[in-house]
Amino acid sequence: MIRTPEALIPYIVAAACVVSGGLWHAAEELAPTNRIVTVGVPKVGGPFALLDQNGETRTDRDFRGRWMLIYFGYTNCPDVCPTSLALMSDVMTRLGGRAPRVVPIFITVDPDRDTPQVMKQYLASFGPKFVGLTGPKSHIASAASEYRVYVARRPAKDGGYAVDHSNVIYLMDPAGKFAANYDNSQGPEEIAADLKKRL
Ligand code: NI
């Protein structure tokens with residue numbers, strides 16, 4: 001509901017993190033030899049071990065051989081998460097026969113409230129293909145850090161809390177490597193067209 005510039009901050013911060021992450025990576029590679037190294041793909045993503053909405057342990061390795069569309073958010077999110085998940089759902093529909101090659105994954109940044117049962121109920125609105133992941137705080141923090149996701153809890157007016165988070169849909173290739181990122185400024189046609197070129 002609140003579409004103030006404040007709502008954009010997590011995305012901007014995330015973009016900055018991805019950029020600085022890339023630069024940091026470049027500096028690391030430059031340091032030993034002082035040669036110019038071209039950095040191609042940003043260093044985003046990594047291993048995770050979490051629980052799906054059925055309470056089963058899922059790791060990144062379970063999804064090798066398929067493309068992963070990964071979004072970090074939380075079920076109490078007032079607007080950005082539902083918009084992004086609806087977008088991902090729409091993209092999956094547009095992939096038609098190629099959809100089974102892609103697995104849409106929603107990873108919570110609010111594991112205190114988002115139990116597997118809560119995730120299951122929430123994701124039911126977005127179609128049966130979604131894998132919802134939660135787990136111990138440390139595992140969530142580790143996954144968020146690997147994906148350079150900005151997460152910040154803040155008090156909400158109702159006495160509870162909200163979680164500011166970056167708004168990025170990551171595409172990881174069948175080897176688990178970062179391939180692209182999207183967001184909900186793009187339409188489902190555009191994202192589906194880009195995916196179809198890659199699948
Ligand atoms: Ni959200």
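Reader: Is Phe72 buried or exposed?
Author: This is a predicted model, in which local features need pLDDT of at least 70, side-chain atom pairs count only at pLDDT 80 or more, and totals for chains, interfaces and linings use all residues. Residues are numbered from 1 along each chain as its sequence is written, and side-chain values use heavy atoms, without hydrogens and water. The relative accessible area of Phe72 is 1%. Buried means under 20%, exposed over 50% and partly exposed in between (1.4 Å probe, protein chains only), so Phe72 is buried.

Reader: What is the geometry of the ring pair of Phe72 and Tyr147?
Author: The structure holds seven aromatic pairs, that is, rings of Phe, Tyr and Trp (its six-membered ring) with centres within 6.5 Å, called stacked under 30 degrees between planes, edge-to-face over 60 and tilted otherwise. In the pair of Phe72 and Tyr147, the centres are 5.4 Å apart. Because the planes stand at 50°, the pair is tilted.

Reader: How many residues apart in sequence are the parts that Phe72 and Tyr147 tie together?
Author: Phe72 lies in strand β3, and Tyr147 in the loop between α4 (137-146) and β6 (151-155); helices (H or I, at least four residues) and strands (E, at least two) are DSSP runs numbered from the N terminus. Tyr147 is also buried, with a relative accessible area of 1%. The pair therefore ties together parts whose separation in sequence is 75 residues.

Reader: Which residues form the aromatic cluster?
Author: The cluster is held together by ring pairs. One of its members, Tyr122, is among the buried residues of helix α3. The linked residues are Tyr71, Phe106, Tyr122, Phe126 and Phe130.

Reader: Within what arc do the buried residues of α3 fall?
Author: Helix α3 (residues 116-123) has Pro116, Met119, Tyr122 and Leu123 as its buried residues. They line one face of the helix, because their directions seen down its axis fall within a limited arc, taken from the axis to the C-beta atoms. On the other side of α3, Gln117 and Gln121 are exposed. The arc of the buried residues is 130°.

Reader: Against which elements do the buried residues of α3 pack?
Author: Contact here means heavy atoms within 4.5 Å. Met119, a buried residue of α3, is among the contacts of Thr108, which is found in strand β4 (residues 102-108). The elements packed against the buried residues of α3 are β1 (49-51), α2, β4 and β5 (131-133).

Reader: Which side chain makes a polar contact with that of Thr108?
Author: Thr108 counts as buried at 0% relative accessibility. Leaving aside neighbours within four places in sequence, its contacts include Gly73, Tyr74, Leu133, Thr134 and Ile140. A polar contact is a pair of N or O atoms within 3.5 Å; within protein, one must be able to donate a hydrogen and the other to accept it, and residues adjacent in sequence count only if both atoms are side-chain atoms. At 2.6 Å, the partner of the Thr108 side chain is Asp114.

Reader: Which residues coordinate the nickel ion?
Author: Donors are N, O and S atoms within 2.8 Å of the metal (3.2 Å for Na, K and Ca), and the site may look incomplete because water is not among the atoms. The donors follow the spacing C-x3-C-x83-H along the chain. At 1.9 to 2.1 Å, the coordinating residues are Cys77 (SG), Cys81 (SG) and His165 (NE2).

Reader: How far apart in sequence are the parts tied together by Cys77 and His165?
Author: Cys77 counts as buried at 9% relative accessibility, and His165 is buried at 7%. Cys77 lies in the loop between β3 (67-73) and α2 (80-94), whereas His165 lies in strand β7 (residues 161-165). The pair therefore ties together parts separated in sequence by 88 residues.

Reader: What is phi of Arg148?
Author: Arg148 is found in the loop between α4 and β6. Because its relative accessibility is 21%, Arg148 counts as partly exposed. Phi is positive in this residue, which is other than glycine, with a value near 55°.
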